[in-house]
Amino acid sequence: MDPSAAPSPAAAPVGSDRLFDSHRLPSDGLLLLALLLYAPVGLCLLLLRLFIGLHVFLVSCALPDSVLRRFIVRVMCSVLGLWVRQSDPRQRSLRARVYVANHITPFDHNVINLLTSCHTPVLNGSSGFICWSRGFLELGAAGSRAELLESLKAYSSQGGHPPLLLFPEETTTNGRVGLLRFSSWPFSVLDTVQPVALQVQRPFLAVSVAEASWVTELLWTFFVPFTVYQVRWLPSVCRPAEEAREDFALRVQELLALELGLASTRLTAADKAEHLKRLRHHPPAPHTPAPSQPSGARPRAAPSLASAEDVRLMGLAQHVKEVLPHMPLEAIHKDLAQTNCVDATIANLLEGRVPFTPSEAEGEDASLAPDASPAQQPTTSSQAAVCAEVPVKVFARSSEARHLSLQERKRALYDQARRRYAEKYGKPQCEGSR
C-alpha cells in the first residue's frame, strides 16, 4: 500500500442494501408526478429510438473500427439519449494495455468504446450473436477463471490488439455509495493498469436496478430523456515486484473510490447475489403515497426500510424465541436492544427482570382442560419440555426454604435454556465479544 496515498472515504462499513437499487421509480411524490406527465413523451421517444437504434447497430457493424466510426456512432447515440463526456482525455495513456473501471450499467463497455478502442471479455460463459452484438470479446470456451486469465495474457502479449477493458467488481452497483471489492484476477494480466472512473446520471429513474436484465435497462434508457456518462481517466498505476496482486487491486480500488468520492467496501459480487436472494424471499414494501390526513393533524413520517441493526436484532430475537417460545417478541426485542446479547436476554426473561404478558398461543394452551386427550395437548412448546426436565420438589413450609427452591428452579431453567441454545447454535456468545 502506498503510504503517501490519502485514506479512502470508506472507513465506515456500508451495507449491501445501499449499494443496489431495488426500486426504479422515484419515491418522491413530485418526481413521480413529473414522471407520469412525461410518460406519453417517453413512450414516443422509446418507439422512435428503437428504430434509430437499429440503424446505429447496422452502422457500427458496417464501418471498421476507427476514429471516424466512433465519432459517427457517438453522435447517433446522443440521439438515443446516451450522452458521453470525458474529463481531460490527455490523461489516457496510449501505452496502456489494460483499463479497469467501476461498473454501473450493462452498457459501460459500449460507452467507453465510443471514446477509445477497447475490448471487454465475456465472463458469464455465454457466446453467440447476442454476445457479439453487445460488443463483448469472445476468447473461446473458458471453462474456469484460470483458463480465462491465460487467454487474456496471450491476447495482451500479441501486438496490434486493442486494450482490454475489465471490471474488477464483476457486477453492477448503483454508483452512488461505494465500490465492491476488486477481484485480483484483472490485475494478474499485466503489472500496469489504467483506472477509469465512471459516473452515470439520469432524471426521474434509477440508473440501474439490481435484478433487471440488459434488455430492460436498454428500454428504460430509450424511455428517459437522456442518460449522461461521465468518464475520467486516471494516471496509469504500476505494481512493484514485492506487492501482492490482492494489495495491488486494493490500492487501485482505493484510488478510484477517492476519485469518485465513494466508499471502498469489502463486499463482493457474491454479497450482491445473497442480497438478491433475500429480496426474492422478503421483497421490500412498494412505495405508496401517504393517506390524506385532516388539516389539523401532524404529518406522519414515511416508513423507511429496516436498518441493518434492526435486521440483526430480529435475527437474535428469533433465536431467543426458539429457546423460550412463550415469550413475546416485543419483550425480547426490547431487552435485546439494551443487552445486545442472546445469553443475557434469556437470563433476564427467566429471572423476571423483563415485564411481559404471555402470547395468545400460550394463553390458549394454559386454558385447555386437564382431561384433554393426548392428541389435543400442545407438543411444540419447548418451555414445557424445559420445565418437565427440572425436578419438582416438595412444597416447603418456611418462606426461606420456598425462596431457595424458587431460585434453584430458576437456575435450572436458565441452565437448561443455555444448553438447548448451545446444542442448536453453538456456544452462546454476546455480540460484543465476537
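Mentor: Leucine 47 is part of helix 2, where helices are DSSP runs of H or I with at least four residues, strands are runs of E with at least two, and both are numbered from the N terminus. This is a predicted model, in which local features need pLDDT of at least 70, side-chain atom pairs count only at pLDDT 80 or more, and totals for chains, interfaces and linings use all residues. Residues are numbered from 1 along each chain as its sequence is written, and side-chain values use heavy atoms, without hydrogens and water.

Trainee: Is leucine 47 buried or exposed?

Mentor: Leucine 47 is exposed, because its relative accessible area is 62%; exposed means over 50%, buried under 20%, and partly exposed in between (1.4 Å probe, protein chains only).

Trainee: And how much of the protein chain is buried?

Mentor: Of its 434 residues, 38% are buried.

Trainee: How many helices and strands are there?

Mentor: The protein chain has 15 helices and 10 strands.

Trainee: What does isoleucine 112 touch, beyond its neighbours within four places in sequence?

Mentor: Isoleucine 112 is in contact (heavy atoms within 4.5 Å) with Ala101, Cys118, Leu165, Val196 and Trp233.

Trainee: What about contacts across the protein chain?

Mentor: Among those between residues at least 6 apart in sequence, 73% join residues at least 24 apart.

Trainee: What is the accessible surface of the protein chain?

Mentor: It comes to about 25,000 Å², and carbon and sulfur atoms account for 59% of that. Accessible areas come from the Shrake-Rupley method with a 1.4 Å probe; for residues, only the protein chains shown count as cover.
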